[in-house]
Amino acid sequence: MVSLADCNREISELMLILKTEIKMLRAGKFNRIAQSSQLKTEKIKALAFVLGKIEPGKSVQHYKTHLGPRLARLKNLSMENGLLLRSITNGVKSVQQRILVLENREAQVGAYGRHGNALSFEEQATASEKTF
């Protein structure tokens with residue numbers, strides 16, 4: 001039999017991990033994301049196990065009454081955490097694409113003529129050699 005205290009403990013521990021990770025993500029400290037993700041996974045499994053052990057019957061309504069608001073808060077924290085992680089992932093992808101564009105840009109000097117047409121100057125090795 002699972003007690004209400006067991007459920008509350010698992011929910012509290014998972015909420016603490018989520019709050020810590022949200023603070024870490026907002027501060028731009030991404031070095032412990034992998035470790036935090038492992039902890040979250042372990043706590044989610046533990047919470048699912050504890051909630052799965054609740055015996056059906058009259059006590060289910062008692063659990064719903066006491067755990068409902070806490071589970072709603074946990075859901076809100078997990079949604080916020082997911083949005084932050086998705087935003088960071090999109091930002092990293094954008095930065096990677098921008099770096100690729102900058103790395104692959106051709107090195108040439110450009111100018112415009114009298115009529116607004118583009119003039120480009122490329123260095124030619126044969127024309128720039130000095131002869132004696």
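What follows is a look at the nonpolar core and the salt bridges of this predicted model.

In soluble globular proteins, nonpolar side chains tend to be buried together. Here the largest nonpolar core has 15 residues, and Cys7, Ile11, Tyr63, Leu67 and Leu74 are those with the most contacts inside it. Helix 1 (4-26), helix 2 (33-52) and helix 3 (59-104) each give two or more residues to this core, with helix 1 supplying the largest share, seven residues. Take isoleucine 11: setting aside neighbours within four places in sequence, it touches Leu47, Leu67, Arg70, Leu71 and Leu74.

Serine 36 sits in helix 2. At 10% relative accessibility it falls under the 20% cut-off, so it counts as buried. Beyond its neighbours within four places in sequence, serine 36 is in contact with Ile17, Glu21 and Met24.

Then there are the charged pairs, with five salt bridges in the count. Glutamate 21 pairs with lysine 40 at 2.9 Å, N to O. This pair links distant parts of the chain, since glutamate 21 is in helix 1 and lysine 40 in helix 2, 19 residues apart. Both partners are buried: glutamate 21 has 0% relative accessibility, and lysine 40 has 12%.

Glutamate 80 and arginine 26 form another salt bridge, with their closest N and O atoms 2.2 Å apart. Glutamate 80 belongs to helix 3 and arginine 26 to helix 1, so this pair ties together parts 54 residues apart in sequence. Glutamate 80 is partly exposed at 25%, while arginine 26 is exposed at 58%.

Finally, Asp6, Arg9 and Glu10 are linked in a salt-bridge network. Within it, glutamate 10 meets arginine 9 at 3.3 Å, N to O; glutamate 10 is buried at 7%, whereas arginine 9 is partly exposed at 41%.

How values were computed. Residues numbered from 1 in each chain as written. Predicted model: local features only at pLDDT ≥ 70, side-chain atom pairs only at ≥ 80, totals over all residues. Heavy atoms only, no water. Core = buried A, V, L, I, M, F, W, Y, C linked by side-chain atoms within 4.5 Å. Buried < 20%, exposed > 50% of the residue type's maximum accessible area, 1.4 Å probe, protein only. Helix = DSSP H or I, 4+ residues; strand = E, 2+ residues; numbered from the N terminus. Contact = heavy atoms within 4.5 Å. Salt bridge = Lys/Arg side-chain N within 4 Å of Asp/Glu carboxyl O.
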